[in-house]
Amino acid sequence: MSEERFGEFVLVRRHGPGHVAELALDRPKAMNAVSTEMARSVAAACTALGADRDVRVVVLTSTHERAFCVGADLKERNSFSDADLVRQRPVARGAYTGVLELPVPAIAAVHGFALGGGFELALSCDLIVADRTAVVGLPEVSVGVIPGGGGTQLLPRRVGAARAAELIFTARRVEAVEARELGLVDRLVDEGRDREEALALGSRIAANSPVGLRAAKRALRLGHGLDLRAGLEVEDAAWRSVAFSGDRAEGVEAFNEKRRPQWPGE
């Protein structure tokens, strides 16, 4: 396993042959509250991982024992002038869009508090694995703002408009079992196993064609919300991008020869 730091608060670990990249939020003294510096580091890490053709899956984790991420750094925000807040906005957005626009499957491993921007980072992933200590929510209206890291758009796409409205308007925190029942998280695992299970899921996904994975994610993301006819055109374009690839040829050959494929990744 290799490690690389992006600033002070983000650690990237490459597992196995490097196909699974772990992006670890590492600001334990602040329960991973997203400061300006941390937002820049998350964005930079996502840019690097997205450009790395060896990476097939990204797993977003936390080094803090009791929290995934408690959201925006409100202590820092309290010191901002209006002009500071305007200048900081695109930096903050860059962290959330960085995760959201990863071209490979992304999995969040959540334990403890995942609130506000912390939950939005998880929502920006394709899948969320949570352990039984997880507490999630978007409490922004309770401090006079709204979810600004994608929450008002990502949550209804996950759980429907009315349920998202109830959760956002009440600002309530949701514990792990209910979160799984409501579809706020996808897998519920035993306490302390969220990272292990998310990495295992990542390894299973990473065994598949890197060309296929990127194209499948592109079709899923671009097609969501379109009418069926338009969505099928998105799917067809994604299919055409892989149909004549080296991965497709290797996948068919390996299937017929009853062996594991050796993906060329092109």
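V145 sits in the loop between β9 (135–137) and α5 (151–159); helices (H or I, at least four residues) and strands (E, at least two) are DSSP runs, numbered from the N terminus. The model is predicted: local features need pLDDT of at least 70, side-chain atom pairs count only at pLDDT 80 or more, and totals for chains, interfaces and linings use all residues. Residues are numbered from 1 along each chain as its sequence is written, and side-chain values use heavy atoms, with hydrogens and water left out.

V145 is partly exposed, at 46% relative accessibility (buried is under 20% relative accessible area, exposed over 50%, partly exposed in between; 1.4 Å probe, protein chains only). With L74 and V143, V145 forms a nonpolar surface patch of about 280 Å² accessible area together. Patch residues have over 30% relative accessible area and no salt bridge, and nonpolar side chains (Val, Leu, Ile, Met, Phe, Trp, Tyr) are joined within 5 Å. Areas come from the Shrake-Rupley method with a 1.4 Å probe.

E140 lies in the loop between β9 and α5. E140 is buried yet has no salt bridge (a side-chain nitrogen of Lys or Arg within 4 Å of a carboxyl oxygen of Asp or Glu). The nearest side chain of opposite charge, R77, is 8.4 Å away. E140 touches, among others, G116, E120 and V145 (heavy atoms within 4.5 Å).

The whole structure contains 0 disulfides (cysteine sulfur pairs within 2.5 Å). The sulfur of C69 is 12 Å from the closest cysteine sulfur, in C125, too far for a bond. C69 is buried, at 0% relative accessible area. The sulfur of C125 is 8.4 Å from its closest cysteine sulfur, in C46, also too far for a bond. C125 is buried at 4%.

Conventions:
Patches are made of residues with over 30% relative accessible area and no salt bridge: like charges are joined within 9 Å, nonpolar side chains (Val, Leu, Ile, Met, Phe, Trp, Tyr) within 5 Å. Lys and Arg count as positive and Asp and Glu as negative; His and the chain ends are not counted. Lists of a residue's contacts leave out its neighbours within four places in sequence.
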